[in-house]
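Hi,

Here is the structure I promised to send over. Have a look at it first, and then read on for what I found.

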Amino acid sequence: MRIGIIAEGRGDLAVISNILRGRLGLDFEDIQFLRPQYALDETDLHAMPEEQFSNWGLVKKECSTGSLLEEFLNSPVDEERLVVIHIDTAEAELPGYDVTRPSGSTGDSAIELHRRVAAKLDEWLSGRKLDQFRYAIAIEETEAWILTLYQKKETSTARDPKKALKKVLDQRHSDKERKQLSQMRAYEHHDRLSRDFRKRSTLEDCATRNHSLRLFLESLSARHE
């Protein structure tokens with residue numbers, strides 16, 4: 001099996017690839033980063049064409065009209081292929097994304113927001129075979145998924161997961177470790193923090209503390225168990 005990933009950012013690529021390796025037993029070579037490009041540094045973004053980096057708007061564009069999906073899925077190589085589409089919900093109500101956030105901050109609200117974003121992705125992928133896709137919808141951001149590795153409480157309702165994760169890491173790490181993390185590029189940073197997702201038992205335990213992570217794992221297991 002080969003899985004392509006379209007994500008908002010390089011850090012998200014790291015988190016999702018670690019999850020795929022833990023859940024499906026894939027090797028790194030079985031995963032292909034379609035968007036954003038893996039090798040380029042974030043500091044170069046302003047000088048690069050939009051096709052070389054990503055955000056939710058470019059995820060939408062790729063779902064709707066992108067050639068990367070077609071090229072990957074229509075490869076002449078005879079092997080099963082899927083594409084994982086990642087998107088955060090932090091910007092869900094922005095024009096163009098246009099998903100109304102349900103009221104409240106409960107687990108049920110997180111599940112309903114996930115359902116609404118999944119319906120939006122279905123809309124953006126209209127005309128394509130939806131069974132070729134899996135959705136990695138992170139509420140609010142993939143940092144909420146990483147948080148499950150570092151605390152033993154539900155993380156679905158964290159409204160600022162980046163801030164919450166930084167606070168936890170600052171408490172756990174020495175000054176030297178914090179400095180090392182701060183100097184890493186996004187991919188290496190998130191890969192370091194989420195590497196334990198490669199252990200299936202750890203990943204399954206973490207999914208009990210985040211609704212959207214659990215839904216992502218269930219979408220993978222629906223076909224591969």
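Strand 1 is mostly covered, with 5 of its 5 residues buried; buried here means under 20% relative accessible area, exposed is over 50% and partly exposed is in between, with a 1.4 Å probe and protein chains only. Before I go on: this is a predicted model, where local features need pLDDT of at least 70 and side-chain atom pairs count only at pLDDT 80 or more, while totals for chains, interfaces and linings use all residues. Numbering starts from 1 along each chain as its sequence is written, and side-chain values use heavy atoms, with hydrogens and water left out. Helices (H or I, at least four residues) and strands (E, at least two) are DSSP runs, numbered from the N terminus.

Back to strand 1. In a regular strand the side chains alternate between the two faces of the sheet. Here Arg2, Gly4 and Ile6 point one way and Ile3 and Ile5 the other, and all of them are buried.

What does strand 1 pair with? Strand 3, for one, in the parallel sense over 5 bridges (two strands pair if DSSP finds at least two bridges between them). Ile6 has Ile85 in strand 3 as its bridge partner.

Now helix 2 (residues 56–65), where Trp56, Leu58, Val59, Glu62 and Cys63 are buried. Seen down the helix axis, these buried residues fall within an arc of 165 degrees, so they line one face of helix 2; the arc is that of the directions from the helix axis to the C-beta atoms. Their cover includes strand 1 (2–6), strand 2 (31–35), helix 3 (67–73), strand 3 (81–88) and helix 4 (107–124). At the N-terminal end, Asn55 caps helix 2, with a side-chain oxygen 2.9 Å from the backbone nitrogen of Gly57.

Do look at Glu62 in helix 2. Its relative accessible area is 2%, so Glu62 counts as buried. Leaving out residues up to four places away in sequence, Glu62 touches Ile6, Arg35, Ser67, Leu68, Leu69 and Arg128, where contact means heavy atoms within 4.5 Å.

As for the whole protein, the secondary structure comes to 10 helices and 4 strands, in the order β-α-β-α-α-β-α-β-α-α-α-α-α-α along the sequence. The radius of gyration is 17 Å, close to the 17 Å from the globule rule for 225 residues, so the protein is as compact as a globular protein of that length. That radius is taken over C-alpha atoms, and the rule is 2.2 Å times the number of residues to the power 0.38. Buried residues make up 52% of the 225.

Cheers

Methods:
A polar contact is a pair of N or O atoms within 3.5 Å; within protein, one must be able to donate a hydrogen and the other to accept it, and residues adjacent in sequence count only if both atoms are side-chain atoms.
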